[in-house]
Amino acid sequence: MVRRYLTAMALLAFSMAAHAVETKTKHVFIKADCAGPLGTEAIASLRDAIRASPGYQLTSSLLDDGGEYAVITIFVECSESTLPSGERIASIASIFGVGGCALGSCSITSNESTLQAALCSGNKGAGCGRDIYAVLDSYMSGEGGALFDWEAGKRKKVLEK
């Protein structure tokens with residue numbers, strides 16, 4: 001009885017694996033204006049999280065779309081200062097969008113509902129970068145993924161004409 005159960009479970013697992021839908025890696029373009037140490041650390045951490053993920057790949061331009069006709073965009077702005085105690089503090093704002101190039105021109109559509117801000121201090125820059133990645137991944141699992149697919153499809157239709 002146990003043997004039949006294990007055999008059935010193994011066949012089910014192999015069947016599910018064979019029918020799994022392969023998803024394409026989405027390319028991510030980051031434009032950051034973060035010159036201070038905490039902001040620089042946050043951006044480095046964000047880039048590392050994207051590199052380590054199986055679903056995303058960093059790109060250096062809107063042209064490198066991985067065949068999707070669109071890239072995820074992340075714009076990040078940082079402002080840093082030092083408190084009277086000597087502790088560094090950074091305000092980090094980010095917004096997500098979709099961009100790409102078609103017929104010789106590039107454009108970006110930002111999703112204003114994704115605007116977020118964070119305060120980082122001390123040695124928390126890397127944590128702020130990981131937080132931006134976590135929000136991006138959550139966003140792309142829902143509304144952002146649907147918007148990305150719609151925008152990529154729209155661009156594909158324009159390019160196929």
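**Entry 1: the Cys120 pair.** I began with Cys120 and Cys128, which a disulfide (a pair of cysteine sulfur atoms within 2.5 Å) joins at an S to S distance of 1.6 Å. I noted that the model is predicted, that local features need pLDDT of at least 70 and side-chain atom pairs count only at pLDDT 80 or more, while totals for chains, interfaces and linings use all residues. Residues are numbered from 1 along each chain as its sequence is written, and side-chain values use heavy atoms, with hydrogens and water left out. The torsion about the S-S bond of Cys120 and Cys128 is -125°, a left-handed link, and both cysteines are buried (under 20% relative accessible area, with exposed over 50% and partly exposed in between, for a 1.4 Å probe and protein chains only).

**Entry 2: the Cys34 pair.** I then looked up Cys34 and Cys78, whose sulfur atoms lie 1.9 Å apart in a disulfide. About their S-S bond the torsion is about 65°, so this disulfide is right-handed. Cys34 sits in the loop between strand E1 (26–33) and helix H2 (37–52), and Cys78 in strand E3 (residues 71–82), so the pair ties together parts 44 residues apart in sequence; helices (H or I, at least four residues) and strands (E, at least two) are DSSP runs numbered from the N terminus. Cys34 is buried at 14% relative accessible area, and Cys78 is buried at 19%.

**Entry 3: the Cys101 pair.** Cys101 and Cys106 are joined by a disulfide with S to S 1.9 Å, and the torsion of about 95° makes it right-handed. Cys101 is buried at 17%, whereas Cys106 is partly exposed at 47%.
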